[in-house]
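User: I am new to this structure and would like to learn how to read it. Could you walk me through it, one feature at a time?

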Amino acid sequence: MSPQSSSSRRRPLRTRHAATAGVAVLAAALSACSGGDAADGKAAAEKPKISVNLTGRQAKAGEPVTVKLADGKLKQVTVADAKGAKLPGKVSANGTTWTSRRVAAPGTAYQVEAVSEQGGSAKASFRTAAPQQVNKVTLAPGKHTTVGIAQPLSITFDHPVRNKAEVEKQLKVTTSNGTTGSWGWIKNHDGKDRVDWRPKEYWKSGTKVKLDARLNGIDSGGDDWFVRDYATDFTVGKSQAVKVNLDSKTTTLVRDGKTVRSLPMSAGTPGGEKASWGGTSVLMSKEGTINMRSETVGLSGSNSYDKMVDYSMRLTWSGMYAHAAPWNASYFGNTNHSSGCVGMSTGDAGWLYREAQVGDPFEVTGSGSKGTPDPGNGYGEWNLSWSQWQAKSALS
């Protein structure tokens, strides 16, 4: 029994040896395959030789980033700042060069990673020089607002813009119905540079408007840099206008071409600085109850005043409003006898205040005005013809 048992034990051993031999062959085969992949992987992992046009820690801002590959073709290039924001770009037709579509912003660190079609990758980094001065902007109207048919897009700059054409190229306006319009450069009433986008004619009700101001990395001139992009959007509300007739002394709200209500009023005293502005102004803001003082509009002596005024609707930066003026009640509908504003009874002014929209045009006609306001005195650009306005574009 013992030899038989020994023999029976040896057979399984041979079986196990055979199995082990089979595993060894398979392992050898896998090893051979793995060895080939490793070699290929090593070749693929070899870093491609790249060069970047911007280097060091004081690289020039405002330039597109260019990445070049010495051998082979580029598959992908990523240029991102510390917050992960990427510069968009495109590989050239021959595959050797990638160029960003946006420029490098000042005072910004960038990481560059290039991947070749062979699978290899290489990294680089650079930082742009900090700006001497940052130029910021104020946008009107604000985001997600509803405005009247005369409201322009308006951008006011903190510092002078000498490179107007380059700045204007970065301003993209999109409308839901292909509205025709133009940018125009003007001086705001406080002397700051301003650029407005005005439609050729009043907006159509329901139009959706979006502004993308792609200013990050643009030099406004004199080493004043923009360091961010800006955006706003709005919808055009009811199609209505306020018509102020200096001859009939009435203020009339017209909606969709039909008179809603006509109100007796008293406008500015003709023949001097107290006269009202004529032409078209735009309702800039509904300010409610405010303190109005004569010195803020250059009046003094017998013309001085200091009043709390209800339902105040600003029409110009220089101080023309439509508002409640109960102290002038005896003049409503018969005499223009104010310090330049359009005054109404408290009830009428309250009604108009509720019905009016920021961005509604106030069209002032009749005799006795002191002319039309400058384009930068509120939104006075509607007093220019379309060709005159187009001529104010830096790209015209």
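Analyst: Gladly! The protein chain has 4 helices and 26 strands. Please keep in mind that this is a predicted model.

User: How much of the protein chain counts as buried?

Analyst: Of its 396 residues, 41% count as buried. The surface can be described too: the protein chain exposes about 19900 Å², and carbon and sulfur atoms supply 50% of that area.

User: What share of the contacts joins residues at least 24 apart in sequence?

Analyst: Take the contacts between residues at least 6 apart in sequence: 64% of them join residues at least 24 apart.

User: Let's turn to sheets. What holds the strands of a sheet together?

Analyst: Strands of a sheet pair through backbone hydrogen bonds, and the pairing can be parallel or antiparallel. In this model, 4 strands form an open sheet with antiparallel pairing, in the order β9-β11-β14-β13. Its edge strands are β9 and β13 (181-187), each of which pairs on one side only. From one strand to the next, the twist averages 15°.

User: How many bridges connect β13 and β14?

Analyst: β13 pairs with β14 (residues 193-199) over 7 bridges, in the antiparallel sense. To see this pairing at the level of residues, find W185, which stands opposite V195 in β14.

User: Now the backbone. Where is there a cis peptide bond?

Analyst: Look at A140 and P141, which are joined by a cis peptide bond with omega of about -5°. P141 sits in the loop between β9 (137-140) and β10 (145-147). That loop also holds H144, a residue other than glycine with a positive phi, near 60°.

User: Is H144 buried or exposed?

Analyst: H144 has a relative accessible area of 67%, so it counts as exposed. Another residue to look at is D256, in the loop between β19 (250-255) and β20 (258-264). Phi of D256 is near 50°, again positive in a residue other than glycine. D256 is exposed as well, because its relative accessible area is 59%.

User: Which residues does S281 touch, leaving aside those up to four places away in sequence?

Analyst: S281 touches L315, T316, D360, P361, F362 and P373. You will find S281 in strand β21 (residues 279-282). At 3% relative accessibility, S281 is below the 20% cut-off and therefore counts as buried.

User: I would also like to read salt bridges. What is the idea behind them?

Analyst: Side chains of opposite charge can pair when their charged atoms come close. By the rule used here, the count comes to 11 salt bridges. One of them joins D193 and K164, with the closest N and O atoms 3.8 Å apart. D193 lies in strand β14 and K164 in helix α2 (residues 164-169), so this pair ties together parts that are 29 residues apart in sequence.

User: How accessible are D193 and K164?

Analyst: D193 is buried, with a relative accessible area of 5%, whereas K164 is partly exposed at 26%.

User: What about K243 and E363: how far apart are the N and O atoms in their salt bridge?

Analyst: The side chains of K243 and E363 meet with an N to O distance of 2.5 Å. This pair links distant parts of the chain, 120 residues apart: K243 is in strand β18 (residues 240-245) and E363 in strand β26 (residues 361-365). K243 counts as partly exposed at 36% relative accessibility, and E363 is buried, with a relative accessible area of 17%.

Notes:
Residues numbered from 1 in each chain as written. Predicted model: local features only at pLDDT ≥ 70, side-chain atom pairs only at ≥ 80, totals over all residues. Heavy atoms only, no water. Helix = DSSP H or I, 4+ residues; strand = E, 2+ residues; numbered from the N terminus. Buried < 20%, exposed > 50% of the residue type's maximum accessible area, 1.4 Å probe, protein only. Pairing = 2+ DSSP bridges. Axes fitted to C-alpha atoms, helices over the stretch in contact; angles between N-to-C directions. Contact = heavy atoms within 4.5 Å. Salt bridge = Lys/Arg side-chain N within 4 Å of Asp/Glu carboxyl O. Areas by Shrake-Rupley, 256 points an atom, 1.4 Å probe, with all protein chains shown as cover.
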